[in-house]
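Load the model and keep the sequence beside it. The walk below takes each chain in turn and then the contact between them.

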Amino acid sequence: MPDNARMTLFGLTERAMSAQLVRMNAAASNLANAGSVTRTEAEAYRPIRAVFATELDRASGLASMHSEGLVREDTAPTKRYDPYHPLADADGNVFEAPVDETAEMVEIMESARQYQNLVQALQTAKQLMLDTLRSN
Amino acid sequence: MNEQIFGIHGAALELRSQRMGLLASNIANAATPGYKARDIDFAAALEDKLTSGSVPFGSERHFVYRLPTMPSLDGNTVELGREQIAFTENAVAYSATLAFVQGKVNTLTRALKGE
């Protein structure tokens, strides 16, 4: 943990939620770039993915997670023969970003479900904490 | 003192709260590759807490790793349905234990007030 604060249930959920947010944003960028066309193969957009890692707090035994970074997928862009396209190269080919829209939608849905799960767990935990505090 | 008044319920409440954190950790790591879902052996941990009280929470012998129904390719053993059920069960048990503690407190308060 960057700061020396002890990890609580709230900190744990917060971190996991931001990691899910990163993942969702990555999938959204991929979707936004679906169908984008470039002149050369190297210039074409490659999809990005968030990589998750566990973050264990030994003092409390809680394990949160965070997004360790983004990796660019190494998939080859789709070569399409389209000689009348303004970006076509000498052979009349354009390169299209290799984004699988369905896979990205599934990624967003899964991320949203996990986000919901976290919110639910936090709500339950918060309610129990409040019950304990308010009990006289 | 604490043990005398609340009996098993004080220790159980603390343990329930710790288990809640552990289950929340599992839910948070549902998409982390290679994460192994953990739970505590509640009976053993409670026994330890009551008898010695010196074994801190987090000592390895209280932890049990979940056996996945179907192992996944990325090595993650979290099954969301299972974790949610365990979380709910733990929350209900927490409420129950809390009710017992509250009952004790109410009894004591009434005795002190002399009603």
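What follows goes from overall shape to strands, then to helix packing.

This is a predicted model, in which local features need pLDDT of at least 70, side-chain atom pairs count only at pLDDT 80 or more, and totals for chains, interfaces and linings use all residues. Residues are numbered from 1 along each chain as its sequence is written, while chains are lettered from A and ligands numbered from 1 in the order in which they are written.

Start with chain A. Its secondary structure comes to two helices and five strands. Helices (H or I, at least four residues) and strands (E, at least two) are DSSP runs, numbered from the N terminus. Read from the N terminus, the order in chain A is α-β-β-β-β-β-α. The C-alpha atoms of chain A fill a box of roughly 80 × 25 × 15 Å along the principal axes. The radius of gyration of chain A is 21 Å, whereas a compact globule of 136 residues would have one near 14 Å. That radius is taken over C-alpha atoms, and the globule rule is 2.2 Å times the number of residues to the power 0.38. Of the 136 residues in chain A, 26% are buried. A residue is buried if 20 or more other C-beta atoms lie within 10 Å of its own, exposed if 12 or fewer, and partly exposed in between, with C-beta atoms placed from the backbone. Among contacts in chain A with a separation of 6 or more, 61% involve residues 24 or more positions apart. Two residues are in contact if their C-beta atoms, placed from the backbone, lie within 7 Å.

Now the strands. Strands of a sheet pair through backbone hydrogen bonds, either parallel or antiparallel. Here two strands pair if DSSP finds at least two bridges between them. Strand β2 (residues 48-57) of chain A runs antiparallel to strand β3 (residues 62-72) of chain A over ten bridges. A:V51 stands opposite A:G69 in β3(A). A:F52 faces A:S67 in β3(A) as its opposite residue. β2(A) and β3(A) form a hairpin with four residues between them, and A:G61 in the turn has a positive phi of about 75°.

Chain A also has an open sheet of three strands in the order β1-β5-β4, with antiparallel pairing. β1 (37-38) and β4 (78-81) of chain A stand at the edges with a single partner strand each, so one side of each lacks a neighbour in the sheet. β1(A) pairs with strand β5 (residues 93-96) of chain A over two bridges, in the antiparallel sense. A:T38 stands opposite A:F95 in β5(A).

Turn to chain B. It has four helices and two strands, and they run α-α-β-α-β-α from the N terminus. The C-alpha box of chain B is roughly 65 × 25 × 20 Å along the principal axes. Buried residues make up 26% of the 115 residues in chain B. Among contacts in chain B between residues at least 6 apart in sequence, 75% join residues at least 24 apart.

One residue gives a local view. B:V92 lies in helix α4 of chain B. B:V92 counts as partly exposed because it has 13 C-beta neighbours inside 10 Å. B:V92 and B:T77 are 15 residues apart in sequence and 24 Å apart in space, C-alpha to C-alpha.

How do the chains meet? In total, 22 residues of chain B are in contact with 23 residues of chain A. On the chain B side, the elements giving two or more residues are α2 and α4 (80-113). That side divides into 15 nonpolar, seven polar and no charged residues. Axes are lines fitted to C-alpha atoms, for helices over the stretch in contact, and angles run from 0 to 180 degrees between N-to-C directions. Helix α2 (residues 101-134) of chain A packs with helix α2 (residues 8-28) of chain B at about 170°, their axes 10 Å apart. That makes α2(A) roughly antiparallel to α2(B), a term for angles over 145 degrees, with under 35 counted as roughly parallel, 65 to 115 as roughly perpendicular and the rest as oblique. The axes of helix α1 (residues 9-32) of chain A and α2(B) come within 10 Å and cross at roughly 5°. α1(A) is therefore roughly parallel to α2(B).

Terms used
Ala, Val, Leu, Ile, Met, Phe, Trp, Tyr, Cys and Pro count as nonpolar, Asp, Glu, Lys and Arg as charged, and the others, Gly among them, as polar.
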